[in-house]
Amino acid sequence: MFRRSQRRIVIPFLLPALILTGLFFLYPLVRAGIISFEHFSRTGRTSFTGGEQYRKLVDDPSYTRALKNTFLLTFIGACMLFPPAVAVAWALHQKLYGESFFRFVVFAPAVLSTAVVALMWKFIYHPTIGLIDPALRSAGLGALARTWLGDPTTALPAIAFTVVWQGIGIWVVLLSAGFERLPVEVLEAGRVDGAGEWALFRRIMLPMLRDLMRILLVLWVVQSMQSFAFVQIMTRGGPFGSTDVVSTLMYRTAFDQADFGYAAAMGVTLLFVMLALTVIVNKVLKRDVIQY
Amino acid sequence: MSSSTETRNPPVAAARGAATRRRRSVRATGRAPFRTYHLALYLFLVCFAFSSLSAFLWVFNASLKTNREFLTTAPWSLADGWRWSNYVTAWTNASIGDFFLNSVLVSVCATVLGVAVAAFAAYPIARVEFKVNNLVLMVFLLGLMVPWMVTFIPLYMTVDDVGLLDSRLGLILVYATYNLPLNIFVLVGFMKTLPRELEESAAVDGAGPTRTFLKIILPLLGPGLASVTILSFLNNWNEFFYGLVLIHTPGKMTLPLGLFQLGQAADYGTNWVALFSGIMITSVPVLLVFAFMQRHITRGLTAGAIKG
């Protein structure tokens, strides 16, 4: 009787969440597949085109360039993110003085809005009123100063750096949790056997954290291949399309050119590229479970 | 070291757990003895902290300068005086005040709605057997896996269809919906840890299921509710993309959108310091929330990212 009376609440309790999810998530999800096969004319009429949009994508130089930049951003970002994140997490694991202060400072940018961080750094990179170039010039290193966001060779790394600057705290927290979970006995055994801290880190901690790293790398790929706000705010895909990623191209296609179908096809394609990439990352880094 | 006696015991799982716990309590209170290589670590961390702090200080300093001072003096020269009037100007003339109120309205409503709806939905999923529990949970968790790029165009069209485009209500509903997956995931996890006997004894005492949920289960969820509330609020306060897509009228914009607009204007215009004051006004509330609730935030985050 208790069970039956409990079961009466199932539908009413779930209903609000199901309505919201259905209307603003599931229905759009289904619709995304349909739209990507449709052509939207400027007057708002739609017509079914089959795979036409997808065929067009393959020959579209701006899409391939955007795809290349998306990969590049993901790759450069990963190189900038993981070494320092692991180093900070390891340093914080050593129980130094001021640990909570460092934790706060490292994580603080992550709670700021991406819009705020992107704007901030857009001005920090500014060649005359910014922070970096005037500092370089006054230190006598004026030769290194450049218009970071206006130069096609430096714009993408500059954006990647900003993404990492904001997000690194999250990865440090996740890695720290991994360090905390390392079995103490194994580390102690290593110390007893005379291993230095570096050997411990290199030979014991890193191999044990491998699975966590794999998960984090996948998370990074999924997240950074979708980055939009930083690029849109800092460069809008410029200069000369050198920072144009799939998301900004999609946004322009959808809302500047009102070509919803083509933009949706880009999104669906990127989803499959992303899935393929995560599968590859998983395959490459996967290995037998280590015993300890 | 202190736990060397424990490590000699055979590595039975239970003993290991106890050892870890004891060891952790030692580590939590005591600092490691100083070693030489710690110097390098301190140096590294200090550099790191410096790069993070100097950006904030630069913005804060710039927000106190005059436009003229900002353009003519070196970026690290201190503002001559605490010119708080910049903030007043930004609040009224650059309509940061409107953006701020919109942000408060949208993020508070969306957070409350998202957490309340999630709590109700999580209860039957976690505690009542109705055959398709896991299927329902999977449907909700799908939201954590599908990238926004796939859904934002049809979402825009759907919001347009129901007549909520360019309205704060539409934004609230969308934000609440996109908070649901993580909220439900974390709350289901919390509810599963509560003992079964709670509901049974409540039923024996004659309480109906709704009453049991509101009076007994909900109060026990304190930490879980706190985590999801804070995380949802931060997300909603900072959200930029859906706002950009769904809101077009400046009077309805939230802070990130408004600042984006001001930033675009600052490319051609002159009112730099209003922008910097706006950045401060947007950032200080979340930094305060973070400073006081760091633990809740990092816990919710670890739960969501690793297990999710």
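**Figure 1. Salt bridge across the interface of chain B and chain A.** In this predicted model, the rule finds 1 salt bridge across the interface of chain B and chain A. Asp161(B) forms a salt bridge with Arg31(A), and the closest N and O atoms are 3.2 Å apart. By class, the side of chain B that touches chain A has 73 nonpolar, 20 polar and 13 charged residues. Across this interface the rule also finds 9 residue pairs in polar contact, with both residues at pLDDT 80 or more.

**Figure 2. Extent of the contact between chain B and chain A.** The contact takes 97 residues from chain A and 106 residues from chain B. The size of an interface is often given as the accessible area lost when the parts come together. Between chain B and chain A, the buried area is about 9400 Å², and carbon and sulfur atoms give 78% of that area.

**Figure 3. Two annotated segments of chain A.** An unreviewed UniProt entry places the feature "transmembrane region" at several stretches of chain A, including residues 71-92 and 260-281. Over residues 71-92 of chain A, the chain is 100% helix and 0% strand, with the end C-alpha atoms 31 Å apart. Residues 260-281 of chain A are likewise 100% helix and 0% strand, and their end C-alpha atoms are 31 Å apart.

Figure 4. Asn179(B) lies in helix α9 of chain B, which covers residues 168-192. Asn179(B) counts as buried because its relative accessibility is 6%, under the cut-off of 20%. Leaving aside neighbours within four places in sequence, Asn179(B) is in contact with Ala110(B), Thr111(B), Ser232(B) and Asn236(B). With Asn236(B), the side chain of Asn179(B) makes a side-chain to side-chain polar contact at 3.2 Å.

Note on methods. Residues numbered from 1 in each chain as written. Chains lettered and ligands numbered in written order. Predicted model: local features only at pLDDT ≥ 70, side-chain atom pairs only at ≥ 80, totals over all residues. Heavy atoms only, no water. Contact = heavy atoms within 4.5 Å. Buried area = accessible area lost by both parts, 1.4 Å probe. Salt bridge = Lys/Arg side-chain N within 4 Å of Asp/Glu carboxyl O. Polar contact = N/O pair within 3.5 Å; in protein donor to acceptor, adjacent residues only side chain to side chain. Nonpolar A, V, L, I, M, F, W, Y, C, P; charged D, E, K, R; others polar. UniProt positions renumbered as here; feature names shortened; annotations may be inferred. Helix = DSSP H or I, 4+ residues; strand = E, 2+ residues; numbered from the N terminus. Buried < 20%, exposed > 50% of the residue type's maximum accessible area, 1.4 Å probe, protein only.
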